[in-house]
Amino acid sequence: MCLSDLGPVLSIDDDAGTAVVDLAGRTAKVSLAPLVLDGTQVAPGDWLLVHTGLAVELLGAAEAAEIVASRLELSRIEEGLTHER
């Protein structure tokens, strides 16, 4: 199963068509090509859904916060299940 990463844009290199994104404490350079081709403008502070090095969706801050909270809750549940075994 493949999960996408999620994080805020730290900086953008318009010439290269890439952004540096904070993905849970590690930074990654990701391609903005899918969003650029769709006509989506990306700015520092925006939240991106990233899959295999490609920015695939621009998210609003509220939506991003909801996803982060859901993933945290899932990881807590998963951890609890692991400790029960």
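Two residues are in contact when heavy atoms of theirs lie within 4.5 Å. The model shown is predicted, so local features need pLDDT of at least 70 and side-chain atom pairs count only at pLDDT 80 or more, while totals for chains, interfaces and linings use all residues. Residues are numbered from 1 along each chain as its sequence is written, and side-chain values use heavy atoms, with hydrogens and water left out.

**Figure 1. Overview of the elements of the protein.** The protein contains 2 helices and 5 strands, and from the N terminus their order is β-β-β-α-β-β-α. Helices (H or I, at least four residues) and strands (E, at least two) are DSSP runs, numbered from the N terminus. Taken along the principal axes, a box of roughly 50 × 25 × 20 Å holds the C-alpha atoms. Of the 85 residues, 24% are buried; here buried means under 20% relative accessible area, exposed over 50%, and partly exposed in between (1.4 Å probe, protein chains only). Among contacts between residues at least 6 apart in sequence, 34% join residues at least 24 apart.

Figure 2. Thr 18 belongs to strand E2. Is this residue buried or exposed? Thr 18 counts as buried, because its relative accessibility is 13%. When neighbours within four places in sequence are left aside, Thr 18 is in contact with Ile 12, Asp 13, Lys 29, Val 30, Ser 31 and Leu 32.

**Figure 3. Pairing of strand E4 with strands E1 and E5.** Strands E1 (residues 5-13) and E4 (residues 47-51) run antiparallel and are joined by 4 bridges. Two strands pair if DSSP finds at least two bridges between them. E4 also pairs with strand E5 (residues 54-59), again in the antiparallel sense, over 5 bridges. Val 50 of E4 is the bridge partner of Asp 5, and Val 50 has Ala 55 as its bridge partner in E5.

Figure 4. Thr 52 lies in the loop between E4 and E5, a hairpin with 2 residues between the strands. Although Thr 52 is not a glycine, its phi is positive, at about 50°. Thr 52 counts as exposed, with 68% relative accessibility. Ala 24 is likewise not a glycine and has a positive phi of about 55°. Its place is in the loop between E2 and strand E3 (26-31). The relative accessible area of Ala 24 is 82%, so this residue is exposed.

Figure 5. Rolling a probe the size of a water molecule over the atoms shows where empty space is left. A pocket is an open set of points on a 1 Å grid over the protein atoms alone, where a 1.4 Å probe fits, with protein on both sides within 12 Å along at least five of seven lines; lining residues have an atom within 4 Å of a point. The volume of the largest pocket is about 200 Å³. Which element supplies the largest share of the lining? That share, 4 residues, comes from E1. E1, strand E2 (18-23) and helix H2 (61-84) each supply at least two lining residues. Among the lining residues are Asp 5, Ala 24, Trp 47 and Arg 71. By class, the lining has 6 nonpolar, 2 polar and 4 charged residues. Ala, Val, Leu, Ile, Met, Phe, Trp, Tyr, Cys and Pro count as nonpolar, Asp, Glu, Lys and Arg as charged, and the others, Gly among them, as polar.

Methods. Grid points are joined across faces, edges and corners, and a volume is the space filled by probe spheres set on the points.
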